[in-house]
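Have the viewer open as you read.

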Amino acid sequence: MKRPTTVLLTALAPVSWGTTYAVTTEFLPADRPLFTGMMRALPAGLLLLALGRVLPRGIWWGKAAVLGALNIGAFFPLLFLSAYRLPGGMAAVVGSVGPLFVVGLSALLLGQRPTARTVLAGVVAAFGVSLVVLKAAGALDTLGVLAALASTASMSAGTVLTKRWGRPDGVGPLVLAGWQLTAGGLLIAPIAFLAEGAPPALDGRAVGGYLYLALANTAVSYWLWFRGIGRLTATQVTFLGPLSPLTAAVVGWAALGQALTPVQLTGMALAFGATVAGQRAGTGRGAGTGQRAGKGKGARPGAGRPRRRADPVHAPAQPVGR
């Protein structure tokens with residue numbers, strides 16, 4: 001499959017995630033970020049495990065647990081905490097600082113020297129974020145902003161480690177997504193019950209919201225995301241992240257009546273421009289490729305290479321893969 005098509009398919013994941021904030025605030029029980037994170041991750045993970053029917057072996061029990069904690073177990077509760085405390089567009093747009101985190105972590109863990117073009121694109125994305133956040137209507141909630149930043153840092157680390165470690169032979173993105181979602185969901189579950197008590201009563205709107213989050217917003221989107229990580233550089237993948245805040249801001253404006261000022265619109269334009277520039281910068285000299293990814297210290301040879309096996313979505317043995 002040609003790279004532009006891979007980029008477009010991978011981009012569908014952050015576009016879907018941009019709707020998370022509207023669904024959380026409009027359909028789900030209030031003040032239940034941990035329960036919501038568990039309900040998003042665990043059902044999706046168990047579904048993908050049932051489809052893939054492959055469990056980790058050896059060292060991959062530990063790796064799956066670490067990736068599950070970073071990409072899901074820590075990321076989801078922090079994400080929903082920020083969603084509950086910030087307007088949708090504001091909460092999601094903070095995530096577009098992710099490229100700066102990934103550029104730094106890629107230099108440390110993947111040996112990919114950042115280029116001036118990549119750093120500039122990351123700075124522009126962050127500047128666009130600041131315009132949207134600082135000019136958003138209403139007072140900033142400090143805890144909400146910190147939670148949004150922490151969730152971005154967690155997933156950025158998970159993205160880079162996923163690229164460094166690759167995946168076991170014979171395991172596709174669907175299976176790897178299932179491992180991580182299940183591990184993350186199991187990590188969240190006891191904390192949710194201890195911190196938030198018994199599950200809340202759910203009406204039809206809440207059930208529909210959770211089904212959407214677990215299926216389209218998580219199971220399908222994470223398959224696309226992890227599939228993209230396997231075929232693109234970590235930098236290219238993370239520069240698709242600003243599509244999530246752009247989607248959230250548009251949804252907030254179109255469906256929730258949230259106002260967008262000219263300054264915010266300028267920030268959104270800058271973030272989108274950085275997303276496009278990041279796709280080119282991510283393939284530049286020193287950025288690394290899928291073939292070079294995973295060659296950092298301690299990585300197994302070829303860990304980050306794109307697999308040429310049958311796509312898990314179309315082959316019964318591997319329904320989802322990174």
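## About the model

This is a predicted model, in which local features need pLDDT of at least 70 and side-chain atom pairs count only at pLDDT 80 or more, while totals for chains, interfaces and linings use all residues. Residues are numbered from 1 along each chain as its sequence is written, and side-chain values use heavy atoms, with hydrogens and water left out.

## Helix 3 against helix 11

Let's begin with helix 3 (residues 33-52) and helix 11 (residues 204-231), which pack at about 55 degrees with their axes 9 Å apart. Helices here are DSSP runs (H or I, at least four residues), numbered from the N terminus. Axes are lines fitted to C-alpha atoms over the stretch in contact, and angles run from 0 to 180 degrees between N-to-C directions. Helix 3 and helix 11 are therefore oblique to each other; angles under 35 degrees count as roughly parallel, over 145 as roughly antiparallel, 65 to 115 as roughly perpendicular and the rest as oblique.

On the helix 3 side, the contact includes Phe35, Met39, Pro43 and Leu47, and on the helix 11 side it includes Tyr210, Leu213, Thr218 and Tyr222. Contact means heavy atoms within 4.5 Å. By class, this contact of helix 3 with helix 11 has 12 nonpolar, 3 polar and 1 charged residues. Ala, Val, Leu, Ile, Met, Phe, Trp, Tyr, Cys and Pro count as nonpolar, Asp, Glu, Lys and Arg as charged, and the others, Gly among them, as polar.

## Helix 2 and its two partners

Helix 2 (residues 20-27) packs with helix 13 at about 40 degrees, their axes 8 Å apart, and the two are therefore oblique to each other. Tyr21, Ala22, Thr25 and Glu26 of helix 2 make this contact with Ser244, Ala248, Val251 and Leu256 of helix 13. The contact has 5 nonpolar, 2 polar and 1 charged residues.

With helix 11, the axis of helix 2 comes within 9 Å and crosses at roughly 160 degrees, so these two helices are roughly antiparallel. Here Thr20, Val23, Glu26 and Phe27 in helix 2 meet residues of helix 11 including Arg205, Tyr212 and Asn217.

## The cavities

How many cavities of 30 Å³ or more are there? The count comes to 5. On a 1 Å grid over the protein atoms alone, a cavity is a set of points where a 1.4 Å probe fits but cannot get out, and lining residues have an atom within 4 Å of a point. Points are joined across faces, edges and corners, and a volume is the space filled by probe spheres set on them.

The largest cavity has a volume of about 330 Å³. Its lining has 25 residues, of which Phe75, Gly95, Thr152, Met155 and Gly241 lie nearest the centre. Helix 9 gives the most to this lining, with 6 residues. By class, the lining has 14 nonpolar, 10 polar and 1 charged residues.

## A look at Ala126

Ala126 is found in helix 8 (residues 116-134). Leaving aside neighbours within four places in sequence, Ala126 is in contact with Val97 and Leu100.

How values were computed: 1 Å grid on protein atoms, 1.4 Å probe; cavity = no way out; pocket = protein on both sides within 12 Å on 5 of 7 lines; lining within 4 Å.
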